[in-house]
Amino acid sequence: MRFENRLLFTHEATRMATQRYVLSIDQGTTSTRATVLDARLRVKGVGQQEFTQHFPRPGYVEHDLKEIWATVEACVGKALKAAKVKGTDIAAIGLTNQRETTGLWDRKGQPLHRAIVWQDRRTSQLCAHLKARGEEPRVKATTGLVLDPYFSGTKLRWLLDTVKGARARAEAGDLCFGTIDTWLVFKMTAGAAHVTDASNASRTLLMDLASLDWDSGMLALLDVPRAVLPRIAPSAEVYGVTRGMKSLPDGVPVSGMAGDQQAALFGQACFSPGESKCTYGTGAFLLMNVGSEPVASTSGLLTTVAWKLGGQTTYALEGSAFIAGAAVQWLRDGLGLIKKASDVEALAKTVKDTGDVVFVPALAGLGAPHWRPDARGLFAGIDRSTTRGHLARAVLEGVALQLQDLAEAMRLDSGRDLPAFKVDGGAVKNDLLMQFQADILGVNVVRPRNVETTSLGAAFLGGLGVGFWKSPEDIRKAWKAEKVFTPKMTQEQRARHLGKWRDAVKRA
Ligand code: ADP
């Protein structure tokens with residue numbers, strides 16, 4: 001017995017020694033991306049693939065779960081090939097995913113319906129009805145969220161109510177509910193694991209933020225049978241091992257996961273309370289680590305789980321702006337002022353300031369902290385001297401000004417100052433935007449060398465789950481800033497900008 005153990009140990013040690021890579025899978029809203037990284041977090045190979053968006057009716061957005069799974073297999077294959085790494089050399093897999101998107105499948109892995117995507121508004125009426133009944137305060141107190149179709153709970157209820165026979169089968173324990181993380185682990189392990197992590201579960205409207213368990217009151221409110229729910233696990237542990245995959249051999253541990261925004265917070269090494277990151281993509285997501293106790297918001301922000309590691313839960317405050325890079329897309333596609341998104345910086349630099357033009361990017365209403373779904377975009381202060389350059393510059397400033405409002409709400413709710421503002425996402429290449437963001441926030445804006453922080457965060461979690469990295473400190477050491485933007489604006493200039501912005505927001 002002892003001899004066998006030693007043999008096993010030696011065998012394990014040899015295996016670990018050759019497994020020098022971690023695979024990260026980032027399953028996003030429009031594409032899937034797989035990345036192979038080495039122990040020093042260098043990217044060795046990437047595979048990326050887009051997939052179909054289904055819009056069966058106005059306000060409905062769906063994804064085909066089987067197609068998503070096929071893109072994961074394809075991307076993993078491509079990433080390994082690009083990295084010239086064999087599947088047997090992978091020590092761990094970390095996952096991150098578009099959040100809230102809701103699937104329902106049977107125990108054999110057959111989906112009952114296409115997944116309902118986070119953007120889908122089909123449960124607006126149900127949410128309005130529950131709000132009118134006065135349910136929101138307890139929903140907020142339990143889950144940290146608001147009654148909005150964005151979150152998974154009402155989408156799951158819709159599936160159970162609408163798909164023929166689903167409710168009875170769910171009650172009998174024949175069905176699995178899951179967000180995309182859960183679907184992917186289920187598929188990777190050939191159905192052996194039905195599991196989610198606390199960060200993803202905190203986006204369902206069904207989890208109690210304090211106990212990190214499914215909440216009986218919320219399950220009753222949304223008429224969800226417990227038998228359909230996955231186990232809620234930490235963000236790093238071995239959930240299972242691969243079995244029957246086309247792109248990987250059997251036995252590779254799936255060992256870390258978090259929702260995409262939380263993974264980015266982790267990938268930015270925001271491990272201490274007060275540290276925050278902002279991702280500038282189509283929209284912008286600001287998350288602040290608030291430590292080991294959930295902080296309730298009085299400013300319209302959400303409270304969410306950042307991650308759970310070992311027995312320790314870290315919480316975050318989250319605020320999002322629906323429109324960030326999308327405002328630049330609108331300059332390109334709606335107004336035709338630029339040919340490609342990156343042209344906006346050169347156009348904005350043709351003028352030294354906005355000439356007092358202010359832009360409120362409320363192209364899809366205003367989110368936190370204003371919550372005015374009926375607000376619409378606005379250019380204010382235009383006169384005959386206004387040029388295309390002024391408009392472009394005002395659009396970039398408007399994006400940054402929205403984040404100043406969110407940062408202010410975070411300061412108020414958390415009682416903490418932002419030590420620095422770490423940024424990532426497609427729009428952070430824009431130096432003018434980043435400089436103005438630092439100016440208007442009055443804190444340093446820090447752009448990391450690797451702006452793919454979401455993939456990085458997932459890789460870290462996967463690696464931590466098997467001991468490939470020993471502690472988050474390894475990540476802090478590996479995280480490197482590429483450029484720091486320091487505030488240069490005077491207090492008077494700042495106050496003037498903010499005054500004009502606040503006037504314009506009132507009129508939007
Ligand atoms: P998503 O993940 O939401 O698809 P990305 O992180 O890929 O978004 O970023 C794409 C967004 O960034 C687009 O909305 C685009 O308009 C914007 N963008 C890209 N380059 C620039 C730039 N140089 N300046 C400002 N915005 C940009």
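Colleague: Which side-chain N or O atom lies 2.6 Å from an oxygen atom of the ligand?

Modeller: A polar contact is a pair of N or O atoms within 3.5 Å, where a pair within protein also needs one atom able to donate a hydrogen and the other able to accept it, and residues adjacent in sequence count only if both atoms are side-chain atoms. Here an N or O atom in the side chain of T282 is 2.6 Å from a ligand oxygen, a polar side-chain atom of Q329 lies 2.8 Å from an oxygen of the ligand, and a backbone N or O atom of G426 lies 2.8 Å from a ligand oxygen. Taken alone the ligand exposes 580 Å², and the protein buries 69% of that, with accessible areas from the Shrake-Rupley method and a 1.4 Å probe, only the protein chains shown counting as cover for residues.

Colleague: How far can I trust such values, and how are residues numbered?

Modeller: This is a predicted model, in which local features need pLDDT of at least 70 and side-chain atom pairs count only at pLDDT 80 or more, while totals for chains, interfaces and linings use all residues. Residues are numbered from 1 along each chain as its sequence is written, and side-chain values use heavy atoms, with hydrogens and water left out.

Colleague: Which helix gives the most to the shell around the ligand?

Modeller: Helices (H or I, at least four residues) and strands (E, at least two) are DSSP runs, numbered from the N terminus. Helix α11, residues 325–333, gives the most, with four residues.

Colleague: What should helix α2 span, given its 19 residues?

Modeller: The expected span of a helix is 1.5 Å times one less than its number of residues. For α2, residues 65–83, that rule gives 27 Å, and the end C-alpha atoms are 27 Å apart, which agrees. At the N-terminal end D64 caps the helix, a side-chain oxygen lying 2.9 Å from the backbone nitrogen of K66, and just after α2 K84 takes a positive phi of about 55 degrees.

Colleague: Which residues of α2 are buried?

Modeller: Buried means under 20% relative accessible area, exposed over 50%, and partly exposed in between, with a 1.4 Å probe and protein chains only. The buried residues of α2 include L65, W69, E73 and L80, and of the 508 residues of the chain, 60% count as buried.

Colleague: How many helices and strands does the chain have?

Modeller: The secondary structure comes to 17 helices and 23 strands.
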